[in-house]
Amino acid sequence: MKNEITLKVSGMSCHHCKNAIESALKKMNGVISAEAFVKEGKVSVSFDRDLVDKKDIIRTIEETGYDVEGE
């Protein structure tokens, strides 16, 4: 089942940050789309919750080197 979340992410400051997060998330089984917004400090993810969950998405962002706030 499709689900969408927007997470507040700190540490993004440039186009490289955006690409790193989007690339890591898009490699995940179950992630349909991912878009990072550097200026807003947010990442929007559309995913199949039967294949991946919010905790996995947060872990992937953190393993990429960025902090998810409020989680």
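Lys-39 is exposed, with a relative accessible area of 84%, where exposed means over 50% relative accessible area, buried under 20% and partly exposed in between, computed with a 1.4 Å probe and protein chains only. The model is predicted, so that local features need pLDDT of at least 70 and side-chain atom pairs count only at pLDDT 80 or more, while totals for chains, interfaces and linings use all residues. Residues are numbered from 1 along each chain as its sequence is written, and side-chain values use heavy atoms, with hydrogens and water left out.

The protein contains two helices and four strands, in the order β-α-β-β-α-β along the sequence; helices (H or I, at least four residues) and strands (E, at least two) are DSSP runs numbered from the N terminus. Its radius of gyration, taken over C-alpha atoms, is 11 Å, close to the 11 Å that the globule rule (2.2 Å times the number of residues to the power 0.38) gives for 71 residues, so the protein is as compact as a globular protein of that length. The C-alpha trace spans about 30 × 25 × 20 Å along its principal axes, and buried residues make up 37% of the 71 residues.

The largest nonpolar core has 20 residues, of which Val-9, Leu-25, Ile-57 and Ile-61 touch the most other members; such a core is a set of buried Ala, Val, Leu, Ile, Met, Phe, Trp, Tyr and Cys residues joined through side-chain atoms within 4.5 Å. The elements that give two or more residues to this core are β1 (2-10), α1 (15-26), β2 (31-37), β3 (42-48) and α2 (54-63). Beyond its neighbours within four places in sequence, Val-9 is in contact (heavy atoms within 4.5 Å) with residues including Ile-21, Val-43, Ile-61 and Val-68.

Two residues illustrate the contrast in accessibility. Lys-39 lies in the loop between β2 and β3, whereas Thr-60 belongs to helix α2 and is buried, with a relative accessible area of 15%. Apart from its neighbours within four places in sequence, Thr-60 is in contact with Ala-24, Leu-25 and Met-28. For each of the two, one C-alpha separation is tabulated below.

| Residue pair | Separation in sequence | C-alpha to C-alpha |
|---|---|---|
| Lys-39 and Met-12 | 27 residues | 8.3 Å |
| Thr-60 and Glu-22 | 38 residues | 10 Å |

For the protein as a whole, among contacts between residues at least 6 apart in sequence, 60% join residues at least 24 apart.
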